[in-house]
Amino acid sequence: MTRLIVAVLAVACVISAIGVVYARHQHRELYVQLTRLERERDELNIEFGRLQLEQATWAESNRIDQVARTRLGMKFPTAGEIVVVQP
Amino acid sequence: MRFVRTPGGSAKKPRARAQFNLRARLMLVGGAMALCGVALVVRAVDLQLVDNAFYQQKADARFLREVPIPTSRGMITDRNGEPLAVSSPVESLYANPQELADNPAAIERLAEATGLPLDYLTRYVSQRKDKEFMYVPRHRRVNPAVAQKIMALRIPGVFSQREFRRFYPQGEAVSHVLGFTNIDDQGQEGVELAFDEWLRGTPGAQKVIRDRHGRIVEHVDLIRPAEPGKDLVLSIDRRIQFLAYRELKRTLLETGAASGSVVILDVATGEVLAMANLPSYNNNRVSGENRDAYRNRAVTDLLEPGSTMKPLTVAAGLEAGVITPTTRIDTNPGWMPNGRYRTSDFKNYGLLDTTGVITKSSNVGVSKIVRLLPDTQFDAFLRRFGFGSSTGSGFPGEAPGTFPSPGRWSGTTKQTLSYGYGLSVTPLQIARAYAALGNGGRLVTPTFVKGGGTGTAQQALDPEIAAQVMQMMQTVTEPGGTATRAAILGYHVAGKTGTARKSSGGGYARRYIAYFAGLVPVDRPRFSVTVVVNDPDTSGGGSTYGGGWISAPLFARIMEGALRLMDVPPDDIQTWLAAQAAEEARRARAAGVPAPAVAAAAPASPRGAAP
């Protein structure tokens with residue numbers, strides 16, 4: 001009886017040891033994957049930030065002002081040129 | 001084992017028999033050796049299983065490294081989500097000088113790749129021979145593409161690390177409000193400093209395995225995830241801000257003034273919609289010089305508010321019941337004594353009513369009103385409007401202003417206070433006090449964050465009196481007032497000009513500060529604006545350096561745009577329609593008469609003649 005218990009315990013021990021190794025291995029693999037995905041996400045976020053920055057730089061008020069006035073020849077309508085519609 | 005007596009041995013004289021127990025000795029030796037073995041095993045077990053931390057740590061230290069995960073600072077946007085400050089990744093190149101120093105070929109390659117002079121780089125490295133870390137000169141925070149190109153050469157001992165740099169796409173126009181960060185990404189000025197905790201991320205940490213060259217071979221474990229900084233939505237409207245900045249710049253160029261500020265508050269919530277100052281600086285490239293331009297004048301500079309104080313004096317008089325809007329005040333002969341000095345008006349306005357005192361900005365008028373008020377009451381009234389204490393906006397370096405308590409007033413102080421001398425305030429304080437007049441007497445706390453208003457406004461004045469003062473201030477921008485140039489077509493404007501003389505060396509110089517503080521539209525005020533133009537050119541003479549001449553049109557130009565941008569419905573549509581009808585009639589006349597000579601003369605015909 002005791003022998004049987006010892007044998008079962010020994011087998012269980014070996015199985016759990018293998019389980020630990022396996023879990024550890026899986027953890028590593030998943031962590032590597034997580035890191036890769038996170039890096040991908042970060043890269044995308046960073047790219048997004050860069051694009052936002054680029055857009056904001058192009059849309060800089062002073063630049064828009066200059067382009068509208070000089071290149072497109074736009075101007076703000078004088079009071080007389082605005083038509084007020086009575087409600 | 002047994003010793004056998006050999007036959008040959010007996011030929012000699014037989015040796016004495018061994019007097020020791022061989023077996024016991026053998027057992028002893030064997031036992032000792034076994035004990036040694038056991039001790040080794042025990043020690044091995046101890047090291048492996050029981051007390052393994054120390055050597056494990058030593059072993060890990062050989063290849064496992066804890067490296068920080070850099071994280072970015074939160075973005076700052078304006079109230080519509082337009083980015084005002086963005087962190088973008090850059091690379092910093094660093095090197096191990098020990099490794100480089102005995103590898104001249106590597107230095108040569110590095111010099112070639114970075115474009116640095118070889119002798120300079122060699123000297124730079126040899127000076128740091130005993131260190132393990134140095135930044136590659138002039139390659140801290142460089143464009144990632146540049147760094148990648150250099151890293152692709154795989155020069156031994158040269159590494160790159162990611163850092164984040166702050167970019168401010170709007171540049172000078174918003175620099176005072178935003179402030180800037182230092183090279184370690186910590187807020188140094190402005191909103192960047194005030195909300196540093198909020199914006200700053202927490203760098204994470206992870207375990208990695210590194211090889212001999214320090215390259216990361218494998219990511220092992222995450223110790224702490226990186227927490228990126230939180231974004232911040234400011235109350236600033238980028239478009240109004242730029243408009244204010246552009247118009248302020250134009251005014252400063254036209255008038256030769258030294259500096260200026262514009263503050264625009266949302267009347268109901270106290271949100272700062274725009275705050276522009278000149279001279280300004282580019283916070284993308286902060287250098288140590290010209291510190292003067294770094295100041296956010298609108299909250300740090302203390303100025304005597306001059307005539308912009310008068311509506312408050314009148315409000316105090318109305319509240320105390322010593323005057324009514326129709327009280328007659330005799331300002332003859334245009335001056336009155338104030339101790340050894342004299343309070344005088346621009347010219348003699350004769351008999352005015354209370355409204356007229358505001359319309360004409362009569363110093364004598366408000367002086368007579370304030371004489372009817374007890375000292376403590378006048379003092380308490382102004383303190384209720386936030387003078388003498390910080391506005392609570394939380395902006396770093398905000399000045400509370402100076403406002404002496406009645407015990408420290410000299411004989412002349414009360415009278416000078418009534419028209420804005422003898423105390424000093426910030427432009428933001430003026431804008432806030434005016435916002436209270438437009439907000440039914442409720443004083444709000446200015447805030448730089450969208451939706452950041454505390455919501456609890458303090459009732460500083462009876463709503464009815466606030467409305468009366470608004471009506472009086474409206475006359476200032478109507479014909480006969482001091483600020484007809486502040487009028488905006490289609491809107492009623494309430495405001496007050498101010499032309500304060502600058503104190504210098506114990507007296508007052510012939511240099512001025514031109515103010516205009518106003519609210520628009522009068523019916524349901526949205527914006528409280530304070531315009532300050534400091535030290536304009538006075539050579540034009542007359543009133544060309546005054547608030548009505550310089551600051552009022554600046555106010556009108558900014559507000560015309562702001563009202564349109566914020567979709568504020570006009571409250572004076574009749575005037576607008578009339579102006580439009582006049583314009584149409586003029587055009588019809590110009591088109592109807594074909595003769596060019598007459599057509600050219602048409603615009604000269606009086607506009608008012610049209611129906």
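Trainee: Let me start with Pro137(B): is this residue buried, partly exposed or exposed?

Mentor: Pro137(B) is partly exposed, because 14 other C-beta atoms lie within 10 Å; a residue counts as buried with 20 or more other C-beta atoms within 10 Å of its own, as exposed with 12 or fewer, and as partly exposed in between, with C-beta atoms placed from the backbone. Before we go on, note that this is a predicted model, in which local features need pLDDT of at least 70 and side-chain atom pairs count only at pLDDT 80 or more, while totals for chains, interfaces and linings use all residues. Residues are numbered from 1 along each chain as its sequence is written, and chains are lettered from A and ligands numbered from 1 in the order in which they are written.

Trainee: Thanks, and which residues is Pro137(B) in contact with, leaving aside its neighbours within four places in sequence?

Mentor: Leaving those aside, Pro137(B) is in contact with Leu116(B) and Tyr124(B), where contact means that the C-beta atoms, placed from the backbone, lie within 7 Å. Pro137(B) and Tyr124(B) are 13 residues apart in sequence, and their C-alpha atoms are 8.5 Å apart in space.

Trainee: Where does Pro137(B) lie?

Mentor: Pro137(B) is in the loop between β4 and α6 of chain B; helices (H or I, at least four residues) and strands (E, at least two) are DSSP runs, numbered from the N terminus. Arg138(B) is found in the loop between β4 (134-135) and α6 (144-151) of chain B, and its phi is near 60°, a positive value in a residue other than glycine.

Trainee: Is Arg138(B) buried or exposed?

Mentor: Arg138(B) is exposed, because 10 other C-beta atoms lie within 10 Å. Ser361(B) also has a positive phi, of about 55°, although it is not a glycine, but Ser361(B) is buried, with 28 other C-beta atoms within 10 Å.

Trainee: Changing topic, which peptide bond that ends at Pro279(B) is cis?

Mentor: The bond from Leu278(B) to Pro279(B) is cis, with omega near -5°, and Pro279(B) lies in the loop between β10 (272-278) and α11 (297-300) of chain B. Another cis peptide bond joins Val520(B) and Pro521(B), with omega about -15°. As background, most residues other than glycine have a negative phi, and most peptide bonds are trans.

Trainee: And how many residues does the largest nonpolar core have?

Mentor: The largest nonpolar core has 119 residues, and those with the most contacts inside it include Ala244(B) and Met559(B); such a core is a set of buried Ala, Val, Leu, Ile, Met, Phe, Trp, Tyr and Cys residues joined through C-beta atoms within 7 Å. Helix α19 (residues 547-565) of chain B gives the largest share of this core, ten residues. Not counting residues up to four places away in sequence, Met559(B) touches Ile488(B), Val520(B), Phe527(B) and Val529(B).

Trainee: Last one: how many residues of chain A are in contact with chain B?

Mentor: There are 19 residues of chain A in contact with 25 residues of chain B. On the side of chain A that touches chain B, α1(A) gives the most, with ten residues.

How values were computed: Contact = placed C-beta atoms within 7 Å.
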